[in-house]
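I opened my notebook to look up a few residues. My entries follow the structure.

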Amino acid sequence: QVQLVESGGGLVQAGGSLRLSCAASGSIFSINVMGWYRQAPGKQRELVADITSGGSTYYADSVKGRLTISRDNAKNTVYLQMNSLKPEDTGVYYCNADGITTATMRPFLSWGQGTQVTVSS
């Protein structure tokens, strides 16, 4: 099994910054894509940003220029640097990863438990 543990959420004023981290552990042979999703109250979970093992990135239009995703492949860790935060960025942020496990050499798709980000106006 592969576990993801997020950290770095919290309460910040509009215009402020936060940095989220997500570390993957367990029977990992390789990780392809790691990403961050968020779920605002009363809304569906949406993809915020993701990054491939080669460093290719995707960002939702609403966060382009403000949020930056990066990863450390040696540590199986993905980061989300969030700057110029807005109240609409409030939500629970979930880490996601897909890859291959060493135990079975089969694909896995794992989610973290989520970390709350609250941006006050």
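Is methionine 105 buried, partly exposed or exposed? I looked it up: methionine 105 is partly exposed, because its relative accessible area is 46% and partly exposed lies between buried (under 20% relative accessible area) and exposed (over 50%), using a 1.4 Å probe and protein chains only.

Ground rules next. This is a predicted model, where local features need pLDDT of at least 70, side-chain atom pairs count only at pLDDT 80 or more, and totals for chains, interfaces and linings use all residues. Residues are numbered from 1 along each chain as its sequence is written, and side-chain values use heavy atoms, with hydrogens and water left out.

**Entry: methionine 105**

I found methionine 105 in the loop between β9 (91-101) and β10 (107-111). Strands here are DSSP runs (E, at least two residues), numbered from the N terminus. Methionine 105 touches Phe29 and Ile100, not counting residues up to four places away in sequence. Contact means heavy atoms within 4.5 Å. I also checked threonine 77: from methionine 105 it is 28 residues away in sequence and 20 Å away in space, C-alpha to C-alpha.

**Entry: glutamate 6**

Glutamate 6 sits in strand β1 (residues 2-7). Glutamate 6 is buried but has no salt bridge. A salt bridge needs a side-chain nitrogen of Lys or Arg within 4 Å of a carboxyl oxygen of Asp or Glu. The nearest side chain of opposite charge is arginine 45, 7.6 Å away. What does the side chain of glutamate 6 reach? I found the backbone nitrogen of cysteine 95 at 2.6 Å and that of glycine 114 at 2.7 Å.

**Entry: the core**

I turned to the largest nonpolar core, which has 29 residues. Such a core is a set of buried Ala, Val, Leu, Ile, Met, Phe, Trp, Tyr and Cys residues joined through side-chain atoms within 4.5 Å. Trp36, Ile69, Val78, Leu80, Met82 and Tyr93 touch the most other members. Elements giving two or more residues to this core include β1, β3 (18-26) and β4 (28-39). In soluble globular proteins, nonpolar side chains tend to be buried together. Among the residues that methionine 82 touches are Leu18, Leu20, Tyr93 and Val117.

**Entry: strand partners**

Which way do β4 and β9 run? They run antiparallel, joined by 10 bridges. Two strands pair if DSSP finds at least two bridges between them. Tryptophan 36 has cysteine 95 as its bridge partner in β9. β4 and β5 also run antiparallel, with 6 bridges. There, tyrosine 37 partners leucine 47. In the hairpin of these two strands, with 6 residues between them, glycine 42 takes a positive phi near 75°.

Definitions and conventions
Helices (H or I, at least four residues) and strands (E, at least two) are DSSP runs, numbered from the N terminus. Lys and Arg count as positive and Asp and Glu as negative; His and the chain ends are not counted. A polar contact is a pair of N or O atoms within 3.5 Å; within protein, one must be able to donate a hydrogen and the other to accept it, and residues adjacent in sequence count only if both atoms are side-chain atoms.
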